[in-house]
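Have the structure open as you read.

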Amino acid sequence: MAAATTTTTVSYIPTSSSRSISTPKGAAFTLNPPQRSDLCLFSKPLAKPSSFPQRPCCVFSSKNPISDFFSTNGNGPDDGSAVWFSDNDDKPREECGVVGIFGDPEASRLCYLALHALQHRGQEGAGIVAVNNNVLQSVTGVGLVSDVFNESKLDQLPGEMAIGHVRYSTAGSSMLKNVQPFVAGYRFGSVGVAHNGNLVNYRALRAMLEDNGSIFNTSSDTEVVLHLIAISKARPFFLRIVDACEKLEGAYSMVFATEDKLVAVRDPYGFRPLVMGTRSNGAVVFASETCALDLIEATYEREVYPGEVLVVDKKDGVQSLCLIRHPEPKQCVFEHIYFALPNSVVFSRSVYESRRLFGEILATEAPVDCDVVIAVPDSGVVAALGYAAKARVPFQQGLIRSHYVGRTFIEPSQKIRDFGVKLKLSPVRGVLEGKRVVVVDDSIVRGTTSSKIVRLIKEAGAKEVHMRIASPPIIGSCYYGVDTPSSEELISNRMSVEQIREFIQCDSLAFLPFDSLKKMLGSDSPNFCYACFSGKYPVMPREVKVKRVGDFLDDGLNGPMDSIDGGWVQGPRESSVEKEIDVQYQQSKI
């Protein structure tokens, strides 16, 4: 396997203020709940988070047998002897994870550990920005968190405040300039930002900013946010963030760092998760998932509410304001299906409990005579446990996942069928031979990997293979921070369940019924986004082409964005919407 290479940049950006951050050891911050009115600061003690019923969220998943949660990011040899493959192409992928820490003398090291806990949300690059003596210091690199950072790099990031980011990108081989957090200087100082999500009006916003003289260096949504902050006339700084966010449409959970403040913001619909916690010394922590809080021994306090801005500084502690009178939340149900780790609490629900219940529902609504239940590791394991317990059938490890395979591998000259899948998944013949096997996976996207897994299990001697998918069929692309193929590539958008069964060549196939998913969520059901299952979008894309999740410009590649392949996804095919969008976009051009 080719060795992974890591490139790291270090930048030092002085701020305009001379004020330093020096939180007394053991100092505690007052946590204040948000008002539901616009731009209203207040200072009441934070109530403990309410306990929501632990009901499951169901979602469908693609047949990617091996998730690249901890894959390396190596590039293959130039002589062509290495084959590039990615079996995760048949899985939806989250764009990134973010972390923010305020008030801890080891902020950057804690940020490093928290990013490691969020590594499953992005493996292409990582970065940390720390604030020390009014200077924003940045270390970013391409690769895994452990590749980018070492002792000497963390020594370059002193200070009691830090923000961090792990990223996933859709294309390109060298994307160092797109690795976050971004740091920018403007007339009132400097600001660092890390962003999780995707803007559906990115194209129009960028065109408007370019009309007014803005110059862009990346294809990232985050750079648009920085430009909007810089041109805002609002005061103080956090109101610049509010002003900028009021122009954004789509999904965003962001953390900002200035010389004396840490700011966390979540879009009014709450598409992407963002939680807040505290450490025993009073430090405040923000992260995409609670698993990051667990690793650094921070206590989970609550979610950052949809439409909320939280401002943390030494003087006032934590203060909250409502960004916009937010509508009904539309939290991404796929977080419970696939993206989040099972040990996380997301949207006030246990991810493990959700997935276990998905499996139980499948066993109840789509039973089949079988001898053993197995999972497609790792994302299908918990649902498979739930299925097996409900069906009273043994759960066993019928597929073993290799944790040591990267994205490139030298293949023998004589082609091996299903090479990528066999490298990452190994069937256990003693479990499968002569058995009627139920295989549980979280979703099916294109169906190509599912067919390879079925073939792999049958070649190991399975008598029957029955696929059970712990989510409804995916029929629509996601525009809110999940990298999914176009609708034309989604197998459930083109075929019936029976046709898919024939395509992947299993003996039976069942998805989690959409109505059962919503029934499980009960009174919380209206608070989730189901666009990938229903085709009904809470925030309709304003453009015919929507930027894909992540960034698609390589370092050194410049030119008109429309001319770059792979960067755009077709928007919903509604003529009335397209007509309005095209006019608006053209009017924003010079």
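## About the model

This is a predicted model, in which local features need pLDDT of at least 70, side-chain atom pairs count only at pLDDT 80 or more, and totals for chains, interfaces and linings use all residues. Residues are numbered from 1 along each chain as its sequence is written, and side-chain values use heavy atoms, leaving out hydrogens and water.

## The parallel sheet

Start with an open sheet of four strands, ordered 20-24-25-27 and paired in parallel. Strands here are DSSP runs (E, at least two residues), as are helices (H or I, at least four), numbered from the N terminus; two strands pair if DSSP finds at least two bridges between them. Strand 20 (372–375) and strand 27 (508–511) form the edges, each pairing on one side only.

Strand 25 (residues 464–469) joins strand 27 through four parallel bridges, and Met467 has Leu509 of strand 27 as its bridge partner. Helix 10 (residues 381–391) packs on this sheet, touching strand 20, strand 24 (436–441) and strand 25 (contact means heavy atoms within 4.5 Å). The direction of helix 10 makes about 165° with that of strand 20; axes are lines fitted to C-alpha atoms, for helices over the stretch in contact, and angles run from 0 to 180 degrees between N-to-C directions.

Next comes an open sheet of six strands in the order 8-9-10-11-15-16, with antiparallel pairing. Strand 8 (182–186) and strand 16 (317–322) each have a single partner strand, so one side of each lacks a neighbour in the sheet.

Five antiparallel bridges link strand 10 (residues 250–257) with strand 11 (residues 262–266); Phe256 has Val263 in strand 11 as its bridge partner.
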